[in-house]
Each structure stands twice: as structure tokens, then as C-alpha cells.
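Colleague: I would like to go through this structure term by term, asking what stands behind each label. Please set each value against its definition before you conclude.

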Amino acid sequence: MMEPLSTAVTICPVCRQKIRSTAEHCPNCGAERHFGPRMIESAICAFAGMVLLSAVSTMLLPISLWTIVFAAAGLCAGFLFSHNRFGGDRWLGR
Ligand SMILES: [Zn+2]
């Protein structure tokens with residue numbers, strides 16, 4: 001039996017079994033390699049940003065068109081934050 005090169009093998013972070021480093025999912029436990037934030041994580045961060053900034057804007061200014069502007073800015077900021085926070089490869093277990 002030929003052992004595969006150590007550089008071509010990685011350890012599944014979910015079940016600690018050796019898997020090919022190019023594998024998109026683990027054959028042992030079914031965990032999947034996932035790039036970037038999941039839909040739900042982006043949505044939560046965007047929503048949190050929107051709520052936060054609209055709350056801040058109503059403290060600084062009366063509710064007006066600015067509240068909508070702040071809310072939209074918060075939405076974008078939250079979305080970008082989620083991409084920062086959850087960017088890169090992750091392994092998600094089943
Ligand atoms: Zn695994």
C-alpha cells in the first residue's frame with residue numbers, strides 16, 4: 001500500500017479522520033467544506049446592523065428620512081461584517 005503524500009492529506013476538523021486536502025466533503029462523517037458565510041449568518045448580521053444603526057439614528061435625530069438612510073447603511077455594514085467574520089474555508093458538520 002502506498003501512503004498518500006502528507007501534503008495531499010488533511011485532517012477533518014469534525015471527525016479527525018484523514019481526508020484528501022482537495023476533498024469537498026468528508027467521506028467519514030459527511031462534513032462539508034463551506035466557503036464564506038451561510039445565508040442565515042449574512043441575514044442575521046445584516047438585520048442586526050440595520051436595527052443597531054436605526055436605533056442610533058433615532059437617538060441622534062427624530063425619525064425621518066435619515067432613519068431609512070442609517071438603516072440601509074447598517075444593512076450593508078452588517079452584510080460586509082458577516083463576510084469578514086465568516087470568510088474563508090470552514091467545515092460544517094452534519
Ligand atoms: Zn469528517
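**Starting with H1**

Modeller: On the face of H1 that is turned away from its buried side, the exposed residues are Ile40 and Met59. This is a predicted model, in which local features need pLDDT of at least 70 and side-chain atom pairs count only at pLDDT 80 or more, whereas totals for chains, interfaces and linings use all residues. Residues are numbered from 1 along each chain as its sequence is written.

Colleague: Why does serine 54 count as buried?

Modeller: A residue is buried if 20 or more other C-beta atoms, placed from the backbone, lie within 10 Å of its own, exposed if 12 or fewer do, and partly exposed in between. Serine 54, which is found in helix H1, has 21 C-beta neighbours inside 10 Å and therefore counts as buried.

Colleague: What does serine 54 touch, leaving aside residues up to four places away in sequence?

Modeller: It touches Thr67, Phe70, Ala71 and Gly74, where contact means that the two C-beta atoms, placed from the backbone, lie within 7 Å. The C-alpha atoms of serine 54 and glycine 74 are separated by 7.5 Å, although the two residues are 20 apart along the chain.

Colleague: Why do you say that the length of H1 agrees with a helix?

Modeller: Helices (H or I, at least four residues) and strands (E, at least two) are DSSP runs, numbered from the N terminus, and the expected span of a helix is 1.5 Å times one less than its number of residues. For the 22 residues of H1 this gives 32 Å, and the end C-alpha atoms are 32 Å apart, so the two agree.

Colleague: Which residues of H1 are buried, and on which side do they sit?

Modeller: They are Cys45, Gly49, Met50, Leu53, Ser54 and Ser57. These cover an arc of only 155 degrees around the axis, which puts them on the same side of H1; the arc is that of the directions from the helix axis to the C-beta atoms. The buried residues of H1 pack against H2.

Colleague: Why do the buried residues of H2 line one face?

Modeller: The residues concerned are Phe70, Gly74, Gly78 and Ser82. Seen down the axis of H2, they fall within an arc of 105 degrees, so they line one face of the helix. They pack against helix H1 (39-60), and the face turned away from them carries the exposed residues Leu65, Ile68 and Asn84.
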